Amino acid sequence: MDTLRVQSGARIEFVNITDQIKRIVAQSGVREGSALVFVPHTTAGITINEAADPSVVQDINEALSKLVPYRGSYRHSEGNSDAHIKSSLVGSSVHVIISAGAVVLGTWQGIFFCEFDGPRSRKVHVEIVGKRSPGQA
Amino acid sequence: MDTLRVQSGARIEFVNITDQIKRIVAQSGVREGSALVFVPHTTAGITINEAADPSVVQDINEALSKLVPYRGSYRHSEGNSDAHIKSSLVGSSVHVIISAGAVVLGTWQGIFFCEFDGPRSRKVHVEIVGKRSPGQA
Amino acid sequence: MDTLRVQSGARIEFVNITDQIKRIVAQSGVREGSALVFVPHTTAGITINEAADPSVVQDINEALSKLVPYRGSYRHSEGNSDAHIKSSLVGSSVHVIISAGAVVLGTWQGIFFCEFDGPRSRKVHVEIVGKRSPGQA
């Protein structure tokens, strides 16, 4: 298992971590398999969406904040219930295929760490499963 | 990795791809393991839900369109921000267990490609991991 | 594949199944790998969120019910369309990393079965993939 650090700079922010994930996959030497990318936090999430135009993830962030307002009538007393709810809507992991030694992503896809209660120093775990060469388990 | 083609026929449509996934799993010969089904698009998604009554996925589609309206005040200029947002809500992959050579699904479950910005010709990647026989890695 | 039983006690309820998942992983003997936890139902889901303060999952449940009301104008005639929609929003599986023989979860994370149309007796499937010891496939 590898662990990478993500430093968010605002309460709500999508951080593009595609290059870090690609680097970990390349270093693993795995040719065919998959990478499970897991966020061990309950006020953050992870998603795959368009990385070319940064306005797309801003739209996603604003839509989430309309659906789940920051200041609602919540029970949890820490003032970040919106972040927990968004975390369960977006999810705490993504799973990508590794083929021919590379992460398989569509033309426009990037992997984004979703900060919902920052700014904070966060962790992302990556578990790679697969075969290093055709003859190897 | 296998890739299947999905042709959507409307802007918003859920396409049942369960049989195609079952066929790819059967052809793989894997007896125990899992199949990662991944959508390489940012204006589509994939979900598992009831396949018996087609009104269920219509309800899901309509509920998503109420939560994320087609014409909202979005930043992204291509007019499909709703599709990107729905993609992150529903997710870009599902993962199913393979046991005794078959995909393990509940009685009512089917796997649906979720088109949010069609009609288009789309791809779905399938990565199967597991053992072909009890003695094999 | 292992299967555990979950008995829900209300129409809408989050049931903490972290300890059962940890037990299955420990019994598997797998040291490095991952566990796919899959819900074979279309009116339930599974999510990872804070397990320390039970008001967090209550907030998530109430937020979902605000977004997707129980009594809406739905097509599906069984009166549980809200449960199907919530199932696709939250998702039907979670995937956790196994490292040094243990499930890798953040300090506050727990795994919750999400009942959206109970009370019912439900199943959760667990597929564990990985290596039992450094030298073994």
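Chain A is superposed on chain C by a rotation of 120 degrees with 0.0 Å of shift along its axis, at an RMSD of 0.0 Å (least squares on the C-alpha atoms of residues with pLDDT of at least 70 in both). The two copies are therefore related as by a three-fold rotation axis. They use different surfaces, for 16% of the contact residues of chain A recur in chain C (contact: heavy atoms within 4.5 Å).

This is a predicted model in which local features need pLDDT of at least 70 and side-chain atom pairs count only at pLDDT 80 or more, while totals for chains, interfaces and linings use all residues. Residues are numbered from 1 along each chain as its sequence is written, chains are lettered from A in the order in which they are written, and side-chain values use heavy atoms, without hydrogens and water.

The interface is summarised below.

| Item | Value |
|---|---|
| Contact residues, chain A | 25 residues |
| Contact residues, chain C | 30 residues |
| Buried area, chain A and chain C | about 2,300 Å² |

Buried area is the accessible area (1.4 Å probe) lost on being put together, summed over both parts; carbon and sulfur atoms give 59% of it. In chain A, Phe38(A), Arg75(A) and Ser88(A) lose the most area to chain C, together 26% of what that side buries.

One salt bridge crosses the interface (side-chain nitrogen of Lys or Arg within 4 Å of a carboxyl oxygen of Asp or Glu). It joins the side chains of Arg75(A) and Glu62(C) at 2.6 Å, N to O.

Terms used
Buried area = accessible area lost by both parts, 1.4 Å probe.
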